[in-house]
Amino acid sequence: MKDTVIEVKNLVKKYKKANTPAVDGISFNVKRGEFFALLGPNGAGKTTTISILTTILSKTEGVVKIANYDIEKEADKIRKSIGIIFQNPSLDLNLTAEENIRFHALIYGLYPFRPSFSLMSEEYRREVIKLAEIIGIKNDITKPVKTFSGGMKRKLEIVRSLIHKPKVLFLDEPTSGLDPASRKNLWKYLQDIRKKYKTTIFLTTHYLEEAEDADRVLIIDQGKIVTLGTPAKIKKDLIDSSIILNAKDKAALRSELDAMKLDYEGHGPFKIKLNGKNAQEIIKSIKSDLTYLDINNPKLEDAYLKLIAKGNK
Amino acid sequence: MIHQITAIFTIAQRDFTKLLRDRARILATFIFPFLFIGILGTSLESNLPPDIGYSFKVFVFTGVLAQTLFQSTASGIISLIEDRENDFSQEIFVSPISRYSIIIGKILGETMVSMTQGLGIIAFGLLIGVPLSLEKLILMFPAGLMACLFGGAFGILVLSNLKSQRAANQIFPFIIFPQFFLAGVFNPIKSLPPLLHILSRAMPMTYAVDLMRGVYYANSPEKNLIVLHSISWNTLVISVVFMIFLLLGTALFINNEKNK
């Protein structure tokens with residue numbers, strides 16, 4: 001278990017006033033350095049799960065260990081080992097960017113208390129300037145955060161959460177509320193951070209393209225696990241890749257497909273299920289003149305939608 | 001331990017920094033004390049028979065000073081709810097510091113904020129001719145500090161039972177305004193009918209106000225007409241109730257935060 005950084009066994013959370021549990025007996029492990037995505041529709045139990053893992057909310061039942069510390073007995077040690085980006089921004093908008101970072105650094109006990117930036121240790125000042133450069137706010141560091149754009153605020157939160165060098169970085173729908181351009185930009189930044197610091201990332205999201213890059217994806221719905229695996233495996237399990245072909249001489253193409261014993265549907269265009277076969281091989285061996293060719297490689301989104309639809313039946 | 005102290009200072013400093021940035025709030029906090037002392041105190045003094053034996057203006061001044069320190073710290077603590085709604089509290093609550101450090105830091109910060117307001121009230125008192133010697137001011141300082149800390153602990157207890165800023169805005173006046181009158185901020189409460197007497201002595205603010213007056217009127221002929229209890233009795237009551245409010249309030253607050 002040395003490589004396991006998050007361990008969750010039969011986790012249950014039932015809110016006081018709720019009739020059904022928000023999280024209903026889920027178990028999973030996250031490995032050190034892994035990029036792990038928790039996916040699910042609204043109300044699936046994602047935020048509840050992440051709140052329990054980050055010690056903000058107490059569980060009803062089950063075992064949770066982070067970096068080998070028990071969530072009930074060693075919450076303080078866990079808090080030191082994790083960084084969190086919340087769904088709702090948790091910056092103090094009346095403070096400057098630097099003051100927000102300093103607040104964090106001080107309550108994490110990284111530096112001795114000094115009442116102003118210029119009195120803080122040189123090491124701290126150097127670190128802050130370096131961080132400000134990374135996110136491109138070097139000239140805005142003394143401005144109140146309320147003057148920042150949504151994307152800037154998110155980046156500031158991410159650098160802030162990294163200064164105590166957490167073993168696991170939790171991100172609860174970090175890009176919600178951002179426009180597509182800032183979302184993309186932030187995402188690239190996060191990937192860079194990950195490469196640089198080799199931090200374990202635990203992400204919840206309902207933007208599927210964000211989970212597509214994850215090492216493993218856990219899909220939950222109505223508090224229960226729907227599936228867990230690599231994005232490739234989930235895709236493979238759920239939707240077969242296919243190619244779509246058409247030719248002028250549809251009858252000839254059809255007899256070729258029949259001869260190759262392929263599984264297809266349609267009367268031209270033909271949708272051919274690959275069932276693990278190589279698309280290129282198939283295309284190479286076809287003699288008919290093709291008028292249309294499309295390789296349908298399903299996105300995780302298709303798999304996800306299919307799963308959720310199945311769950312709701 | 002050093003880490004906890006650092007955290008307490010950091011949280012306290014944040015509250016003070018926020019006060020300095022919020023000029024509207026600074027102005028707003030002075031309006032009521034000025035109205036109470038300047039208009040209520042002065043007009044009552046001018047119209048009451050001169051044989052009541054003491055200056056009503058000074059009486060109201062000492063009362064409002066203690067009341068402002070107590071109430072301002074209490075309502076400042078309730079800003080933890082505002083933080084929760086802005087989600088800044090998450091940043092504090094996931095940090096590796098004791099929950100008591102969070103609350104103590106918050107009380108300390110709001111105490112600094114209230115003491116700053118107290119300075120404004122004292123300046124106003126000097127302006128309208130309230131007799132204040134340097135010696136008296138030095139002695140009033142610890143009494144003021146106790147009023148703040150006590151108000152802070154009271155705030156925690158109130159906060160731990162409130163769910164939202166809206167609830168706080170609606171409920172806070174109901175628990176603070178009766179105390180104005182029962183604690184005798186602007187009305188003498190030396191002799192009261194039995195029911196009011198019990199209620200008055202059950203109000204936390206009564207002891208903060210009486211302690212301030214006990215210090216101000218020490219060794220003066222008016223003392224017996226105004227002051228209810230001895231300084232040591234007030235100090236004892238405040239210290240004991242402070243501890244109860246602080247421990248109970250913090251325990252309830254943490255419990256409510258985690259066990260949703």
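I counted eleven helices and 14 strands in chain A. The model I am reading is a predicted one.

Overall dimensions came next. Along the principal axes, the C-alpha atoms of chain A fill a box of roughly 80 × 45 × 35 Å. Of the 313 residues in chain A, 37% are buried. I also looked up contacts in chain A with a separation of 6 or more, and 70% of them join residues 24 or more positions apart.

I then turned to a sheet in chain A. I found four strands in the order 2-1-4-5, forming an open sheet with antiparallel pairing. Strand 2 (23-31) and strand 5 (69-70) of chain A each have a single partner strand, so one side of each lacks a neighbour in the sheet. Strand 1 (residues 4-13) and strand 4 (residues 61-66) of chain A are joined by five bridges. I checked Lys9(A) and found Val63(A), in strand 4 of chain A, as its bridge partner. Helix 1 (residues 46-53) of chain A lies across strands 1, 2 and 4 of that chain, at about 120° to strand 1.

Last, I looked up the cores. The largest nonpolar core holds 126 residues, and those with the most contacts inside it include Phe170(A), Phe150(B) and Met212(B). Helix 7 (residues 134-159) of chain B supplies the largest share of this core, 13 residues. Apart from this core I noted another, of six residues, including Ile243(A) and Phe270(A). Leaving out residues up to four places away in sequence, I listed what Met212(B) touches: Thr62(B), Leu65(B), Ala66(B), Met140(B), Ala143(B), Gly144(B) and Ala147(B).

Definitions and conventions. Residues are numbered from 1 along each chain as its sequence is written. Chains are lettered from A and ligands numbered from 1 in the order in which they are written. This is a predicted model: local features need pLDDT of at least 70, side-chain atom pairs count only at pLDDT 80 or more; totals for chains, interfaces and linings use all residues. A nonpolar core is a set of buried Ala, Val, Leu, Ile, Met, Phe, Trp, Tyr and Cys residues joined through C-beta atoms within 7 Å. A residue is buried if 20 or more other C-beta atoms lie within 10 Å of its own, exposed if 12 or fewer, and partly exposed in between; C-beta atoms are placed from the backbone. Helices (H or I, at least four residues) and strands (E, at least two) are DSSP runs, numbered from the N terminus. Two residues are in contact if their C-beta atoms, placed from the backbone, lie within 7 Å. Two strands pair if DSSP finds at least two bridges between them. Axes are lines fitted to C-alpha atoms, for helices over the stretch in contact, and angles run from 0 to 180 degrees between N-to-C directions.
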